[in-house]
Amino acid sequence: MKKNIKVMTAILLSVGLLAGCGTNNNTSGGTDTGNGTSNEKVTLNVWGMGEEAKTLPKLADEFTKENPNITVKVQALPWNQGHEKMLTAVASKKGPDVIQMGTSWIPEFAEAGVLTDLTPYLEQYPELKPENFYPGAVESAKYGDKYVGSPWYVETRVLYYRTDLLKEAGFNAAPATWDELSDAAKKLAARGDGKYGISIDPKEQSLGFMFSRQNGAQWFTEDGKPNFSDPKFVEAVEYLNSFFQNGSAPKDLGLDIIPAFKEGILPMFISGPWMIKLIQDQAPEIDGKWAMAVLPKKENNISLLGGSNLSIFEYSKNKDAAAKFIAYMSKPETQIKWMEETSSLPAATAAWENDMLKNDPNYKVIGDQLNAAQPMPVITEWSPISENYLKHFEVIYRNNVDVKKEMESFNNDATKMMK
Amino acid sequence: MRGFLNKQAPYIFIAPTLILLTLFSIVPILVALVISFTDMDLSGLANFDSISFIGFTNYTEVLADPVFLKAIFNTLFYVIIGVPLVILLSLSIALLINLGTSRIFKAFRVVYYLPSVTNIVAVAVVWSYLYNPSLGLFNYLLNLVGLPDVPWLTEPTIAKLSLILLALWKSIGLNMIIFIAALQGIPKSYYEAAQLDGANLWQQVTKVTIPMLRFAIFFVSITTMIGWLQFFEEPFVMTEGGPLDGTLSVALFIYQNGFKFNNFGYAAAGSFVLFVCIIAITLVQLRMQKNESDMT
């Protein structure tokens, strides 16, 4: 009897404890059954990433106006916490219905099988069809034979430069080739102490790969093995390293790019379209003194194609409503509205017929660059490989070691990861 | 009924703690132990069928991983320099504050304690500016007196020292409070007796205070040691382990492998290596303490 009471006490206490844990789950409301076509009330949980997601509720409200039976709850997560949140959602098999996926996340989560294949929804929601979007963006949303995300917005990297400072250095137009870029950076850095030519972000994974692709390097051999010690790849890394070694790019400046750009400390940098708005807002003083250009050319000037896709979480119970929401977000009209709010570029090609995109000189540059932009490979190992590249590149630019040897060691690491 | 309550009461009182400890510490540790023998990654997390046991492979690999060895070296560097400094500084500040009789000393207690309760993210923002190579206050002050810039966070060894400085600043307060509490527990009569025997202030401190604080010092050194072996927040918010893995600690290595690269099995193996090290070091300390108390 005594024993029984002991056990009972323990059970009672644990039940109380678990009940305490459980209450939170019930209020999240994502577990309603039903789908968007019936008149049943449905609540969609949407996870958006980064600063722009804070504007998403505006569009979500308009979606609810058209579909009164679907309420949308948006949760805005910072990019650096999104990955961890997703891991928790995968582990508990409970989470959002719709997730904004950075293109670099697609392979790992698709491999884990937590992103729903959108192919069955294409008939019902023609807005989702791949032919509506930039081919590169579609490529980044395909994993194997599955179509696991619908392109939402795209971004590509272009060159930002200070027209006034380049003119002083004798350049009337943006550097169009690698040699010109290097030459301009050197001349700009020669303006004096504390002035540099260009910002080469050593934390940016894609930069080395982008430049090597411009140099004509093949990242993988024909039988799919890493090929990062290829002379063309090494040459591109040497080119990037030369900016650090001849002092035209700072190793540790400790300044944000916009103030440095404004002060002319860093008169050139390579970045994505989100910088347009930031420069306009934070540095109105240099209005008219800066411009954008497509990337300088070596064998080609192919830039990185990135962006975000919208995916349906495999464990969602409202997949149909989720597809409807994504279809709404993919309409050219919605995409233009979204661009006006956040300056993210539409992934739907039809939206680019819009006057604002056609006539604005900045957007025109990005439109041009999008024609020469390709995504990074859609393989699960890519994310660790590109992280590993950064470590090797850090050794190169800080210690100025032999690039060929370091890249061979990088290639060995990559080969191990591909196994 | 009363007899029943009397007998059961202790179980009822410890039950919440025991249940919480089991649910949130012991069970997760056991799960991690199992995971450390598997090749669990993101697909394994979604679908348990794709996990397979791979024996000690994770352990042999992690112990041969140059990055992990570097992380161990860095962690030892933090512990060997940081822990004695924390104890020494917090003890001396506690003594000084305790000696003072003026009201201002009470205010200083708060001043020294404040960093311990400040959010690490806020601390990181402020200290990043202090250490900033272009805008930093520290380099500005150095330049004022004609000294060259110091690469606070951009040279591997100096970056480690900079993080130790930050962690010191943050952890002195809490330990100081523990020492002050212990100091106030020493009966006044001991000091009076010492004064009658003609002991000066220094002799009182070394012959009465320090021996009476033995247990407080022991407690602080064990908790500080364990805390510093798990050194994580400072490199996580300030440097992310860089430059050149110079500030990467074992705990940060585990975090990065687990949550950034999804190598859960590998990270679990790394965390068990750390776990065993902490247990071993704590046991050694306990043994040393036992020997010491046997002698007195």
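**Aromatic rings and a sheet**

A: A:F393 and A:Y397 are both buried (under 20% relative accessible area; exposed is over 50%, partly exposed in between; 1.4 Å probe, protein chains only). This is a predicted model, where local features need pLDDT of at least 70 and side-chain atom pairs count only at pLDDT 80 or more, while totals for chains, interfaces and linings use all residues. Residues are numbered from 1 along each chain as its sequence is written, chains are lettered from A and ligands numbered from 1 in the order written, and side-chain values use heavy atoms, without hydrogens and water.

Helix α16 of chain A (residues 382–399) holds both A:F393 and A:Y397. They sit four residues apart, about one turn of the helix. Helices (H or I, at least four residues) and strands (E, at least two) are DSSP runs, numbered from the N terminus.

Now the rings. Two numbers describe an aromatic pair: the distance of the centres and the angle of the planes. Rings of Phe, Tyr and Trp (its six-membered ring) pair if their centres lie within 6.5 Å; planes under 30 degrees apart are stacked, over 60 edge-to-face, the rest tilted. The whole structure has 53 such pairs over all chains. One of them joins A:W178 and A:F211. It is tilted, with 5.5 Å centre to centre and 50° between the planes. A:W178 lies in helix α7 (178–189) and A:F211 in helix α8 (206–214) of chain A, so the pair ties together parts 33 residues apart in sequence. A:W178 has 4% relative accessibility, so it counts as buried. A:F211 has 3%, so it is buried too. The pair of A:F393 and A:Y397 is also tilted, because the centres are 5.6 Å apart and the planes stand at 40°.

A:F393 and A:Y397 also belong to one aromatic cluster. Its members include A:F209, A:W219, A:W382, A:Y389 and A:F410.

Next, the sheet. Chain A has an open sheet of three strands in the order β8-β7-β9, with antiparallel pairing. Two strands pair if DSSP finds at least two bridges between them. β8 (268–271) and β9 (290–293) are at the edges with a single partner strand each, so one side of each has no neighbour in the sheet. Strand β7 of chain A (residues 158–162) pairs with β8(A) over four bridges. There, A:Y161 has A:M268 as its bridge partner.
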